[in-house]
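Student: I would like to learn how to read a structure feature by feature. Where do we begin?

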Amino acid sequence: MYELYALRYAHRDASVRGEHFYGHDPCALDPYPIDYYVWAAIGEHGVVLVDAGFTEETAGRRGNRHYLRSPVDTLAALGVAADGVGHVVLSHLHYDHTGHLRDFPEARIVLQRSELAFWTGPHAHRGDYPHLADPDDIAYLVRENFTGRVRQLDGDHELLPGLSVHHVGGHTPGMQVVRVRTARGDAVVASDAGHFYDNIEADRPYGIVDHLPAMYDAFDRVRALAGSPELVVAGHDPLVLERYPAVPGLEGYAVRIA
Ligand SMILES: [Zn+2]
């Protein structure tokens, strides 16, 4: 059993529907704010952080993003020091999921082999890809891979008792989700396999697509892995703050999912 938390570290209010949904959207210019989170599973077998956010420096460089507070500080407020994190699971390698990796030098890093292969492969320089990932973060991962602390998986894997990763693809080639056993049942950190509840609950794909049928399969997989629909945790949805109770003293920064 794990306690599972979503830690909100940034948000972007000047964001519209058209940025977020696949295909033509008649309401493309309607406001559609986005939140940025990492997730922490705290249990007797250890602490697993899902994703590593982006840094305040990155927020300043990219503009528009309002950085609230380092997820490392919020984690500390939950009683977990950075060196107490045993594993950092990377759902995928977009810049908003890799930025604080260097703050967890003791942790094993877990990702799908196909994800690292993509971002070190022949297409990384094309189109929007250089903007979607942070080359310095990818370079850091490549360097750390030589130390043996990067674990590259091919598919599903039980990382710790009651905590497993599941390769789904769709959004990126090696997109993976994390299932966590909690007192309320199995929760699924969808991360960007379901940015918003509207993606999964209305079966409406997100705008950044690697493989569309795989994205639909990912929606199905996330639903099937979760013990109940309430235990699906969307990756970027401001509704996460409404659906789950705030951690006392960390209102706006952390909610307890289970
Ligand atoms: Zn993201």
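Predicted model: local features only at pLDDT ≥ 70, side-chain atom pairs only at ≥ 80, totals over all residues.

Student: Take the metal first. Which residues coordinate the zinc ion?

Tutor: Look for the donor atoms around the ion. Here the zinc ion is coordinated by OD of D96, NE2 of H97, OD of D192 and NE2 of H236, at 2.1 to 2.2 Å. Along the chain, these donors follow the spacing D-H-x94-D-x43-H.

Student: What do H97 and D192 tie together?

Tutor: H97 lies in the loop between strand 5 (85-89) and strand 6, and D192 in the loop between strand 11 and helix 6 (197-201), so the pair ties together parts that are 95 residues apart in sequence. Both H97 and D192 are buried.

Student: What do the angles say about the site of the zinc ion?

Tutor: Angles among the four donor atoms run from 89 to 166 degrees, and the site is irregular.

Student: Where is H195 found, and is H195 buried or exposed?

Tutor: H195 is found in the loop between strand 11 and helix 6. Buried means under 20% relative accessible area; H195 has 3%, so it is buried. Beyond its neighbours within four places in sequence, H195 is in contact with H171, Y206, A234, G235, H236 and D237. One of these contacts, H236, is also a donor to the zinc ion.

Student: Now the strands. How should I picture the side chains of a strand?

Tutor: In a regular strand, side chains alternate between the two faces of the sheet. After that, ask which strands pair and in what sense. Strand 5 pairs in the parallel sense with strand 3 (residues 46-50) over four bridges. Strand 5 also pairs in the parallel sense with strand 6, over three bridges.

Student: Which residues stand opposite each other there?

Tutor: V88 in strand 5 is the bridge partner of L49, and H87 stands opposite R108 in strand 6. Four of the five residues of strand 5 are buried, so this strand is largely enclosed by the rest of the structure. H87 counts as buried at 14% relative accessibility. Apart from residues within four places in sequence, the contacts of H87 are V47, V48, L49, A107, R108, V110, L159 and L160.

Student: Which strands run antiparallel?

Tutor: Follow the chain from strand 8 (residues 157-160), which runs antiparallel to strand 9 and is joined to it by three bridges. H157 stands opposite V165 in strand 9. The hairpin of strands 8 and 9 has two residues between the strands, and G162 takes a positive phi near 80 degrees there. Strand 9 (residues 163-167) is joined to strand 10 by five bridges, again antiparallel. Within that pairing, L163 has V180 as its bridge partner, and H167 stands opposite Q176.

Student: How do I find the faces of a helix?

Tutor: An α-helix has 3.6 residues a turn, so residues three or four places apart point the same way. In helix 5 (residues 135-145), the buried residues are D137, I138, Y140, L141 and E144. Seen down the helix axis, they fall within an arc of 155 degrees, so they line one face of helix 5. The face turned away from that buried side carries the exposed residues P135, D136 and R143.

Student: What do the buried residues of helix 5 pack against?

Tutor: They pack against strand 6 (108-112), helix 3 (113-119) and strand 7 (150-153). At the start of helix 5, a side-chain oxygen of D134 also reaches to within 2.8 Å of the backbone nitrogen of D136.

Methods:
Residues numbered from 1 in each chain as written. Heavy atoms only, no water. Pairing = 2+ DSSP bridges. Buried < 20%, exposed > 50% of the residue type's maximum accessible area, 1.4 Å probe, protein only. Arc of directions from axis to C-beta. Contact = heavy atoms within 4.5 Å. Polar contact = N/O pair within 3.5 Å; in protein donor to acceptor, adjacent residues only side chain to side chain. Donors = N, O, S within 2.8 Å, 3.2 Å for Na, K, Ca; no water. Tetrahedral: all angles 85-135°; square planar, octahedral: opposite > 155°, others 65-115°.
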